[in-house]
Structures are given as C-alpha cells and as structure tokens.
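Please look over the sequence and the model first, and then follow the notes below, which are grouped by topic.

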Amino acid sequence: MLFSSYVFILVFLPLTLVGYFLLSRNVGRRQALIWLLAASLVYYGWWKFSNIWILFFSTLFNYALGVLLSSTARDRLRWMALVLGVTVNLALLGYFKYFNFFADTINALFGTRWEIPPIVLPLAISFFTFQQIAYLVDSYRRLTSEYRFLHYALFVTFFPQLIAGPIVHHKEILPQFERKAAGIFSVNNLAVGLSIFVVGLFKKVVIADNIALYSDPLYAVAEAGAVPSLVDAWAAALGFAFHVYFDFSGYSDMAIGLARMFGIRLPENFASPYKATSIIEFWRRWHVTLSRFVRDYVYIPLGGNRKGRVPHYTNIMISMVLIGLWHGAGWTFVAFGALHGLYLIINHVWRIGRRDSDINNRFPRTKQWTGRIVTFLAVVASLPLFRAESFESAGRIAIGMVGNGGGKHIDDSGVLLWIWFLILLGWVWLLPNTQQWMHRYRPVVGKLLTPAIPAERLTWKPNWIWAFVLAIMFVTSFVQLHKVQEFLYYQF
C-alpha cells in the first residue's frame, strides 16, 4: 500500500489515526498501541499477506534473543546467542534477497545449470533485519533496556518506517512508544506531520514520477543495445539523479510526517546530499541511517581508521561494497558500492595531502562551490550503475556521456526537460530542506544535520499563507495519484 495512493490517504490513514487516538483517550494506551500494531501488520500484508509470517518470525525470534542477552550473566551463552541471532538474520536475508543472485553467479562462473525457482523478495526485509541486528548487538553490549514485547513489535513494524526506512535505532523509538504523552492527540503534531507529508507527496508524485517518464525510456534505449547521444546520455543520467533524489527525499518526508501525526519522531534520513562539498559529506547526508548502521556495526568493528591507512582504506571499501550489495542483488550494485569506496579513499587521500592555497583562503565560497559541483558530477557519473539493469547498458550510457554515442532518441520536447533540470538543480542547491524550514517544531529525533535557516520568511508557520501553499501542493499531487509509481527504495 503506497503512501501515495488513494486507499492509503482516504481510508487507511484516517481510520488508523482516529482509532489510535480514540482508543488511547477512551480505553487505554495499551489498546491504542495494539490497534497501531494491527494496522501496521495490515499495511505490511496488503501486497502479499502470506509473507507476514517472515515478519512475525523475525520479530519474535529477535525479541526472545534480546531478552536472553540482556538477562543472562553467562558470557559464553551470551556470545553464542549473539552469533546465532546474527547468523539467522543474515541467513533469512541471504536466502530471500541473494540466493538467486549467488546461484546465477555460480552458473556463470562454472558453467553449471543450477536452476532455482524465482524467490519473491518480502517487502522491507533489508530494513527490519538491519534494525534487529543492531538491537541484538546492543543487547550483547548491555546498551538496551527491558522492553515490553508490544513496544518492541511496534519498533519493528511501525508502518511509517517499515517498508523503506529510515533504519530506526531502538534507543530512538522504543522510549517514545513507552511515553503516555504520545497517545494524546495534538493539533500541533497533526499540523506539522501533515505539512511534512504533503511536501513529500509533492516531491514524489509531481517531481520524481514525472521525471521518470523522461529518463526511463532513455535507459530502455541503452537496454535495447543502442548507445545514446551525448545529450541523451546526460539527460538519462541527470534524469535518474533527480528521480532518485526526489523519490527518496519525498518518501523520507512522508515517513517523518506520518510518524509525527502519531506523536512519534523518526530520525533524519535525507539531508540535502546534493549540497555536499565532498563524497565524505555526501554519505553523511544520503540515506543517513544506513550510513550510520554500516559505520557503527561494520566499519568501526573492523577497526575504522585506527590501524593505519591501508586497513582504513580497506575498511572503507568493505563497508561501501556492502552498502552497494544492500541496495540490490546484482554485480552492478557491487560495482556502484566499490566505485563510491574508491571515491571515498581518494577524498581521504586528498584531505591528507592538500595544502590550502591562497585562493581557498581568499575565496572560501569558490572552494565550496567547486567541491559541490565536482561531488555532484561524480555522483551523477556513478548512478548509471545503480539504475541500469546490466553492465552493458550502464556502459552504453557512460560511452554516450563522453560523447561517443549515436543519434538522439528524444524529440524536441527534451528542451523542456533541460529547463526542468536547471530548475531542480536550483531547488537542491539553493532551497532549504524540509527539516530546515520546519526546524522550530523539531521535525526529527536528535540534532539536525543541516543548520537552521536564518530567513524567517522561509520557516514554516501555522498560518493561512502556508496552508494555501500546502493545499495547492496537495491538490496538484492528489489529481496525479492514478499514475503514481512505487518508491524506488521499496525494492531494497
């Protein structure tokens, strides 16, 4: 059930909100949370209810192990429980997401004919698996508290973040479910949450989905075997760069807004990554919670930057390859992660070896914009690996981008696309992000990654002007819901 669908907006969300607050007020907090849990399970099972057993098993299994890890004092038993928990979680993820990929790879390498029936990927398995691995590791480290099963189950299944993140941490979310104040209806929370949701809906439906109508056919040309022209190749690359940006940014806003309507704050997951002035900064801003998970539970345990430069760079590469593989079961995703690992290593080497020149000291804004443009172009150049279905089609886009392509494949309406690109580039580089213009109302849990904007006229206020602007955005989005596409991150 997409956030950007009529059934969600007109039926599921109003019923869930009204039932939650009515039960919380008139019956009890526990009953309201049970209602929210039941609604989240309905939301998850809407696409394919038979897969809900995987979510049930994962939640029960990890909660039981977490209790064991927190309660027993026997170190050997605790270590065995942790190893069992991580192994089972990764095995479940590996079977559903990567088994066909590994089988196809073995067949290609050794010429075997190992035929595996296609395995349907359960929604959100990457997200709820990573969340619970973090919970088990923290339980082993004795960093968790004793949580009730109802609260834990909601931590895993809470529908705003269940399908495509953010990857929430137990210490951020579980204490909020335990607060009685979260069950008290607040006009402020509803207004803030609804405003953030509408902005996200606009980004997704009006911007991201319409860009895809231009960029997808260009990738189809490459898939069919043609090498696009220079203009078409860059239109495809830039088109997908803006498509994935506004799709993911829109989803993140919608998730944060939905949770806020229920009095829950989610972590920031998207912080104007195209404003980054380096690849290091880019990965601190793009899919923030995934980068945080890999940093805390892969990169640092491997040794981080504490064991010298070569191990440091090795740890970076391992972490980024895993991030690439997390995004999809394909060698193009592995290559995407490895390329960004190389980007990060070059960035670290550059930081170590550079010496600030006079122009950097005299013209800091020149330095800032140079870094921003170079970073943006590096990201755009890497995205064909992320979008294309094969190395061959990604290679054709890359060949076209350096000017060795064939004829053009889009008509004169493509001029409008380039005008659109310029407008969107101004949006992502110059305008404040959602968290910045909502900063007065603490839109996310924790500290904002981007500073509050000084211009008060761009700060959201509960007044008629903002209500009118958001109403226009909502109506514009609502009338286009019939042609909406699913979120890109649903496939992960």
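This is a predicted model: local features need pLDDT of at least 70, side-chain atom pairs count only at pLDDT 80 or more; totals for chains, interfaces and linings use all residues.

The residue Gly239 belongs to helix α10, which covers residues 230-261.

**Gly239 and its surroundings**

- Gly239 has a relative accessibility of 0%, and because buried means under 20%, Gly239 counts as buried.
- Leaving aside residues up to four places away in sequence, Gly239 is in contact with Ile211, Ser215, Trp234 and Phe421.
- Between Gly239 and Val321 there are 82 residues of separation in sequence, while their C-alpha atoms lie 25 Å apart in space.

**A nonpolar patch on the surface**

- Tyr6, Val7, Leu10, Val11, Leu15, Val42 and Trp46 make up a nonpolar surface patch, and their accessible area together is about 630 Å².
- Helix α1 (residues 6-26) supplies the largest share of this patch, namely five residues.
- Trp46, one of the patch residues, is placed in the loop that runs between α2 (29-45) and α3 (52-71).

**Helix α2**

- The 17 residues of α2 should span 24 Å at 1.5 Å a residue, and this agrees with its end C-alpha atoms, which are 24 Å apart.
- The buried residues of α2 are Arg29, Ala32, Leu33, Leu36, Leu37, Ala39, Ser40, Leu41, Tyr43, Tyr44 and Gly45.
- The cover over these buried residues includes α1, α3, α5 (125-140), α6 (149-157), α7 (159-162) and α8 (170-178).

Conventions: Residues are numbered from 1 along each chain as its sequence is written. Side-chain values use heavy atoms; hydrogens and water are left out. Helices (H or I, at least four residues) and strands (E, at least two) are DSSP runs, numbered from the N terminus. Buried means under 20% relative accessible area, exposed over 50%, partly exposed in between (1.4 Å probe, protein chains only). Contact means heavy atoms within 4.5 Å. Patches are made of residues with over 30% relative accessible area and no salt bridge: like charges are joined within 9 Å, nonpolar side chains (Val, Leu, Ile, Met, Phe, Trp, Tyr) within 5 Å. Accessible areas come from the Shrake-Rupley method with a 1.4 Å probe; for residues, only the protein chains shown count as cover. A salt bridge is a side-chain nitrogen of Lys or Arg within 4 Å of a carboxyl oxygen of Asp or Glu. The expected span of a helix is 1.5 Å times one less than its number of residues.
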